Amino acid sequence: MSHLLPRLDGAVADDDATLARFARDWGGLVHTRPSAVVRPAHTADVAAVLAFAADAGIAVAPRGTGHSAFGQSQAEAGIVLDLGGLRRVHPGQGTALVADGGATWRRVTDSALARGLTPEVLPDSLDLSVGGTLSVGGLGGASHRHGAQTDLVTELEVVTGAGEVVRCSAHENAALFDAVRAGLGQCGVITRATLALGRARGRVRRRKLYYRDLEAFLADQRTVVADERFDHVEGRALPDDSAASGGWSFRLDATTTFTLPTEANEDHEAAVRDGLSFDPETAEVAECGYGEFCDRMAPGAAAQRESGDWYRPHPWLTVLLPDDAVAEVVEHTLADLPGLGASGLVLLYPLRAERITTPLLRLPRGDREGTVWLFAVLDVADPHDPVALARRLEHHAEWYGRATAAGGTLYPSGALPHGTVDWTAHFGDAWERFEAARHRFDPAGVLAPGQRIFTAASRSRE
Ligand SMILES: Cc1cc2nc3c(=O)[nH]c(=O)nc-3n(C[C@H](O)[C@H](O)[C@H](O)COP(=O)(O)OP(=O)(O)OC[C@H]3O[C@@H](n4cnc5c(N)ncnc54)[C@H](O)[C@@H]3O)c2cc1C
C-alpha cells in the first residue's frame, strides 16, 4: 500500500520487521499486522494520511508508545501512525506547556521541571505518550486533588478522521474537544496538547503504611483523600501468606512534596499520620528529589527488562468502583485471583469523582461526587502456558462482570474482549453523543479499529 500513500515528509515502512513490530503492543496478547507504518514528521503529514485513508476506506491506528494491552493501537491490514515522529515539547504561555501528541510524559516532565513547573497529574510510567493517556483519561496519585489529565488539558490540536486540522478547547469546537478527551482515538488524532502546569516543589517525603485489614485500609484512604493531607495517594494489595485478611495485606503510599526542610519535620509527620490506623511498626518513610519520585517506576521496569517479564504477555485490567461496593468487589476478586507473578501488581486507590469532569471518562454509576476507586490487577503471564493465560482472561471477565453489576466501570486501557454492545453499555448516556461525534468527525469510520467500538455494521447505518 505504501506506493499509494501521498507524498510525506515523514517515513513510511512496510518491511517485514517493522510490520511485525507494530503487530504487537505491550500487552502481547493481540497481534494484527498492518500494511504500512507511517511515522509523520508533522501535523500536515497526519492530515495527508487521514485524508487519503478516509477516501480509500483504510483503517488507521494512532500509536503513541504502544503501551496498550489488547491491540488498541493496532490496525489489521491498515496503517499504523507512529506518533513517535511528533514528540517535541514547545514553550507555552505563562505556566502552560505545549506538547506534541507523541511526546512522552518523560519529555514533558523534564521540560516542565527545567522551568520549576510540573504537570499536576502524572501517570506512574513516564514512558507513555501524551496522546495515549489523553485518549484514555490519564489517572495518577494526584488525581484525587486534580482529576484526570484530560481535565488539565486546555487546548488540543486534532486531525479529524477526515484529515482536517482543528484546534479545540472548552470554548472553541467544544464538541470535538469532548469527543477526543478520553475518546479512545475514535474521532481524531491529537497532534498537540496545551497542558496546564503547577509549581514543582523540589523534594518529596514518601510513606509506605501497611495494613492487615482491608476495611481499615479503605477507611484511612477515604480520610486522606477527603482532607487532602497528602499530595499523592496510591495504594496496593500485596500477597501475604501471613495476613489475616484472606492472604492479602495492603499498603497506602502517601507522599508529600516540599521545598523547605522545615515543611517535613517531626510535627508535620505526626500531623499527617494523625487518626490513621496503619501498623506503626512496619511503616517506612523515605525522602528523595521530586524528579526521582516522578520516575519511580524506572528501577522496577529495568529489573523486569532484565528478568524478561517486561516482554511477556500482560493481561492487565483496571476498573473504577463505587465507594459502597469497593470492599466486596475487591475481597471477592482477590480471593479467587489465580496467583500473581513476581512482577504482578494490584493497585487500589481512591479518587474524588467531582474532580473528574471529562464527559467520556466514565465514572461508576455515573457518580459525579464522592469517592470512587481505581482497582487494577496488573499481572505478567507465562507465554508458554496458554491454559493459565486463558484462565486469567476468564477471571478478568468474571470480576469485570462483578464490578459492573455493582455499578463499576472499565478504565479502558486493559485486556478485556469488548464489542459495540459492551461499549454502548459502558458509555451509557454519553453513547449517543459519542456515536454522533464519531459520524461527524470520522465519517469514513477509519480511526482506531483496535478499540473495537464502532463496527462496520454501525458505520453502514449512516
Ligand atoms: C507500564 C504502564 C503504566 C501505566 N500507567 C498508567 C497510569 O499511571 N495512569 C493511567 O491512566 N494509565 C496508565 N497506563 C495505561 C495507559 O495510559 C494507556 O495504555 C495509554 O493509552 C498508553 O499510552 P500509549 O502512548 O502507549 O498509547 P498506545 O498504546 O500507543 O495507544 C493506545 C490508544 O490510544 C490512542 N492514541 C494514542 N495516541 C493518540 C493520539 N495522539 N491521538 C488520539 N488517539 C491516540 C490509540 O488509538 C490507541 O487506541 C499504563 C500502562 C502501562 C503499560
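1. The largest cavity holds about 120 Å³ of space. Here a cavity is a set of points, on a 1 Å grid over the protein atoms alone, where a 1.4 Å probe fits but cannot get out; the volume is the space filled by probe spheres set on the points, with grid points joined across faces, edges and corners.

2. Keep in mind that this is a predicted model, where local features need pLDDT of at least 70, side-chain atom pairs count only at pLDDT 80 or more, and totals for chains, interfaces and linings use all residues. Residues are numbered from 1 along each chain as its sequence is written, and side-chain values use heavy atoms, leaving out hydrogens and water.

3. Around the largest cavity there are 16 lining residues (an atom within 4 Å of a point). Nearest its centre lie Gln72, Gly414, Leu416, His418 and Trp423. By class, the lining has nine nonpolar, six polar and one charged; Ala, Val, Leu, Ile, Met, Phe, Trp, Tyr, Cys and Pro count as nonpolar, Asp, Glu, Lys and Arg as charged, and the others, Gly among them, as polar.

4. The second largest cavity has about 50 Å³ of space. Its lining splits into seven nonpolar, one polar and one charged, with Trp105, Glu120 and Gln149 among them.

5. On to contacts (heavy atoms within 4.5 Å): Val329, His332 and Thr333 in H11 meet His395, Trp399, Arg402 and Ala403 in H12. That contact has three nonpolar, three polar and one charged residues.

Terms used
Helices (H or I, at least four residues) and strands (E, at least two) are DSSP runs, numbered from the N terminus. On a 1 Å grid over the protein atoms alone, a cavity is a set of points where a 1.4 Å probe fits but cannot get out, and a pocket is an open set with protein on both sides within 12 Å along at least five of seven lines; lining residues have an atom within 4 Å of a point.
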